[in-house]
Amino acid sequence: MVAPARAPGLDPAVFRPEAIDPETAAYNLQLRQLMAGQPHLSTMTPAVIRGNREAGRGPMGPLVLSNMAVDRTIAGPGGEVTLRTFVPQTIEGVYLHLHGGGWVLGNAHMQDTLLEGLAGSQHLAVLSVDYRLAPEFPYPAGPDDCEAAALWLARHAKSEYGTDRLLIGGESAGAHLAAVTLLRLRDRHQLRLFSAANLLFGVYDLSQTPSSVNATDTLIIDQLSMKWFADHFVAAERRREPDVSPLFAELRGMPPAIFSVGTLDPLLDDTLFMYSRWLAAGNEAELAVYAGGVHGFTGHPLTIGRQAYERIGRFLGNATHMR
């Protein structure tokens, strides 16, 4: 009997309910109970949500800031752009990080613990971009700032950090911005600066994929959340332009990438589709799917989150030392 064909990185068993380990299942239940007492973000203004998160009143609790972090500024298309930097004693590469938050929320200082750990464990100088946020600065302001940060690295990485081995990555909207930045570098500047991309639970089709459209009872974000984010960021008639939704771009010449997502993430299809198109364009890619992972699961105290970052660390380490 011939074994059925299976796409690399995909196993149907991971999508079955019984694949979710007890720790993740219990945590998701607690998270559901916590979220039940929170107003839906679509009922609030971005300013209110940002203020709550800065004050530690968001679902993730108080912010934890790193003593290692140092803010610096570079020139950007709309004024100065802040880069939050984490520079270890030994530097073997530079990681350009783009934070999540639906292009509306989030800041570079909200992932300090994860970024400090990445800098130390992988000997990477990590630079997280505080790009402009919508709706005050809608598309293309955020992508423009990320592009400017990448071009700054092209000119200064060697002199500032002693290496031209560059990596890029981000979570959610940050993964989207990383993909857009790679495409802009290729198409606008004829540059292929980055040797690898780390793309976690990204959104690559702002017109929404099936899993996003059908997400009516999901944790962290749902279909209404995604519409709220996109409405603040960009006009509906532009959402299938390749610079807005990179799933529709020509993807040849992209660097090796690792795509990570949880099975309970409304953006599951975004990752599955983008991974497939990345491969179909002749690029190298890894796919890591985690049973029971909700959107942003790597930011929660879960074994699957630690496993994801261990795999990401190996991927980035290999990319850093590959010649």
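A residue counts as buried when its relative accessible area is under 20%, as exposed when over 50%, and as partly exposed in between, using a 1.4 Å probe and protein chains only. By that rule Ser-195 is buried, because its relative accessibility is 13%. Welcome to a short tour of a predicted model, in which local features need pLDDT of at least 70, side-chain atom pairs count only at pLDDT 80 or more, and totals for chains, interfaces and linings use all residues. Residues are numbered from 1 along each chain as its sequence is written, and side-chain values use heavy atoms, with hydrogens and water left out.

**Overall build**
- The chain has nine helices and eight strands, taken as DSSP runs (H or I of at least four residues for helices, E of at least two for strands) numbered from the N terminus.
- Along the principal axes, the C-alpha atoms fill a box of roughly 55 × 50 × 40 Å.
- Of the 323 residues, 54% count as buried.
- Among contacts (heavy atoms within 4.5 Å) with a separation of 6 or more, 78% join residues 24 or more positions apart.

**Helices α4 and α5**
- The axes of α4 (residues 141-161) and α5 (residues 173-189) come within 9 Å and cross at roughly 65°; axes are lines fitted to C-alpha atoms, for helices over the stretch in contact, with angles from 0 to 180 degrees between N-to-C directions.
- On the α4 side, the residues making this contact include Gly-142, Pro-143 and Asp-144, while α5 contributes residues including Leu-177, Val-180 and Thr-181.
- By class, the contact has seven nonpolar, three polar and four charged residues, where Ala, Val, Leu, Ile, Met, Phe, Trp, Tyr, Cys and Pro are nonpolar, Asp, Glu, Lys and Arg charged, and the others, Gly among them, polar.

- Ser-195 sits in strand β6 (residues 194-200).
- Not counting residues up to four places away in sequence, Ser-195 touches Arg-165, Leu-166, Leu-167, Pro-255, Pro-256 and Ala-319.
- Gln-111 belongs to the loop between β3 (93-98) and α3 (112-122), and counts as buried because its relative accessibility is 15%.
- Leaving aside neighbours within four places in sequence, Gln-111 is in contact with His-97, His-99 and Ser-128.
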